[in-house]
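Here's a quick walk through one protein chain. Have a look at the fold first, then read on.

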Amino acid sequence: VNFDKWRILSTLNKHTWQESELVHAISGEAALIVICGKLYFMGTWGSYATSSLKQIQKLDSQRFCCIASGLNHAVVLCNKGFVSTIEIHNESPYTHLNRKPIGAGEMIVDFPSISGIIVEVCCGHHFIVALDNLGKVWCWGTFSNRTRKPDRLSATDVIKIAADTNQFAALDQSGKIYFWKPNQQQVDFTDEPQQIVCCFGDLYILTKEYNLFKYSEELKKIDLNCQINYIASNSKNIVARSTNGLFFILNDKDGSFKQIKSANILECFANSKMPGVVSHISRETESASSSEEKILVESIAQLCNSQNFSDVDIILSDGTIHAHKCILAARSELFNRLLTSSESKELNFSNASPNVLKSYVNYIYSGCLPELDKFDLLLELYEMAKEDTNKLSDYCIKQGRSLINEENALANYVASARFNNTVLMRDCAEVVVKNCEKNVVTELFRSLNIDEVRKLFEYGTKRDAALLVKHGKLYFVGTWVGTEGRYATSSPKHIEELDSHTVCCIASSTNHAVLLSNKGFVSTIEICNGTYRPGALSRKRIKHGEILVAFPVIPAIIVDVCCGHRFALALDNFGTVWCWGSFYGHSSHVPTRLSGTNFIKIAAGAGDGALLDQSGKIYYWKTERQLIDFPDVAQQIVCCFEDLYILTKEY
């Protein structure tokens with residue numbers, strides 16, 4: 001958490017910071033803000049100032065996940081492990097990080113080269129420290145004798161880093177702590193540390209025994225008469241939280257900690273520029289509120305099936321339920337839809353199970369969960385309640401799972417399939433496949449067609465397998481069961497063909513996986529698929545129990561990949577999408593460019609795919625390519641169970 005964020009919120013308008021995905025406050029007067037995947041600057045930072053959002057266009061192709069800043073610079077970490085830096089003018093005509101000439105009111109964006117995937121960054125006044133996924137630490141900028149190029153430090157197997165004005169620290173896996181101020185020194189520390197923080201030129205260490213230490217020239221234990229389980233800092237303060245919920249803040253005048261009255265850690269960093277975070281409610285008020293809510297719930301429950309003020313009747317096969325439109329519409333999406341589309345004073349549910357309807361209506365009025373022990377009734381109830389924002393749908397799934405056993409799993413799977421309840425279909429199918437020999441000889445199994453059998457085994461086959469990246473090398477472990485193929489190993493198997501690739505992203509489907517390297521190259525892994533054993537992507541023959549690695553040629557730098565059952569999609573840095581494999585009307589082992597440009601997101605399901613471009617247009621393939629008529633502005637797309645889900649910028 002960047003605790004200075006709460007200071008900058010007061011200088012931004014409400015719409016801007018509510019829309020943002022990431023806000024990093026450089027000070028109380030300036031911030032770097034990520035909105036819709038783009039980086040903006042706003043405020044006054046040294047001699048660089050703007051009163052409105054200014055986009056930093058050189059960083060458009062990156063997806064940001066972390067920002068850190070110093071006096072005159074910031075470092076931005078993207079989710080692929082790359083870093084970029086931003087610098088402004090600072091008295092000297094040259095920048096601190098890369099020693100490039102810079103004038104007043106200018107901003108320089110740079111891309112330092114580091115031979116590793118960076119996972120964490122932090123900043124001092126004039127330098128940057130970065131930690132990569134192999135536990136190596138890199139430093140550059142004006143610090144001791146550091147250069148403008150990232151320089152690897154001697155510490156290894158590091159898991160945490162911290163920095164302040166003119167010092168930084170690193171914690172390795174064995175519990176050793178290294179402290180640079182400015183020269184490296186190892187802190188002689190016998191306890192097992194869990195957190196390190198630099199502040200006011202000193203190093204603070206929190207141990208796993210909940211003890212807090214301060215290291216300056218020597219190690220000193222800070223006794224606060226309680227156990228400390230968390231420490232945090234912003235650019236001006238350090239705060240400690242105890243196991244019993246007390247908060248202590250560092251007094252910069254005498255270096256001691258004083259207890260403060262705060263409800264949470266954010267309040268500890270409050271200042272005059274920070275907007276309110278929490279409104280306090282006394283326990284008496286909370287208790288009174290709880291009592292009122294209980295009376296309200298009981299009063300509404302008494303109206304269930306009461307003719308008092310009833311304005312709609314629910315017709316069942318064995319009777320009638322007297323109900324109230326305002327309560328039904330407020331508590332149920334199903335009834336809200338029915339009542340909105342019709343002005344009738346009767347709702348006919350004579351074809352539904354009376355017990356299910358009575359349980360549903362009773363829950364709407366009272367909030368009491370029903371006691372149903374029949375699987376088909378739970379499926380029907382879930383179908384009614386699945387769109388509601390309450391606990392009833394979760395109850396149906398949980399109760400349904402408790403009723404699945406070896407004897408009824410196949411019948412329950414078939415029942416779940418009728419309702420297209422994919423959650424319970426998967427749970428039932430796993431039990432069916434686990435007891436396959438018993439189930440395949442039953443009449444019910446024989447009544448299934450080939451597509452139903454394939455879907456049953458697809459849902460029921462657990463993919464207990466993984467691709468692992470360790471020390472830059474790729475390994476496979478587990479059992480990978482595809483449509484008709486199987487590849488298994490009980491210990492990690494090194495995939496040597498990919499040793500030269502630094503893998504940063506993996507997507508997979510039934511019989512194949514696509515790997516993206518941090519240089520923008522793609523490679524594929526396939527197992528046996530189908531009777532004739534051709535790989536869906538490479539179209540090469542693969543034997544059972546074998547794995548095939550291929551390197552499709554794409555004349556571009558790839559930034560994102562996704563997979564369907566028999567195809568792969570790749571998005572390059574120019575907004576072009578490439579497709580290969582078997583995908584509606586497209587069947588080729590050579591990546592082919594799809595029509596259209598300026599795409600920013602891709603998504604794939606089992607047999608469908610979708611693309612989102614910069615203008616907000618969405619293209620969707622299911623049986624054929626179609627342009628989705630969508631009036632809002634989309635920010636995310638996801639394909640699942642052959643449906644497309646769209647998240648808008650209006651949330």
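## Overall make-up

The protein chain has 14 helices and 44 strands, taken as DSSP runs (helices H or I, at least four residues; strands E, at least two) and numbered from the N terminus. Buried residues, meaning those under 20% relative accessible area with a 1.4 Å probe and protein chains only, make up 47% of the 651 residues.

Residues are numbered from 1 along each chain as its sequence is written, and side-chain values use heavy atoms, leaving out hydrogens and water.

The pLDDT (the predictor's confidence in each residue, from 0 to 100) averages 82 over the protein chain, and 86% of the residues score at least 70. Over residues 271-287 it is below 50, though this stretch has 20 contacts beyond near neighbours in sequence, a contact being heavy atoms within 4.5 Å. Where pLDDT is low, the predicted coordinates should not be read in detail.

## Helix α8 and its cover

Helix α8 (residues 375-385) is largely enclosed by the rest of the structure, because nine of its eleven residues are buried. Among them are F375, L379 and Y382. Their cover includes α6 (333-341), α7 (354-366), α9 (392-402), α10 (409-418) and α11 (422-434).

S416 sits in α10 and counts as buried at 0% relative accessibility. Leaving aside residues up to four places away in sequence, S416 touches F375, L379, N421, L424, M425 and C428.

How values were computed:
Predicted model: local features only at pLDDT ≥ 70, side-chain atom pairs only at ≥ 80, totals over all residues. Buried < 20%, exposed > 50% of the residue type's maximum accessible area, 1.4 Å probe, protein only.
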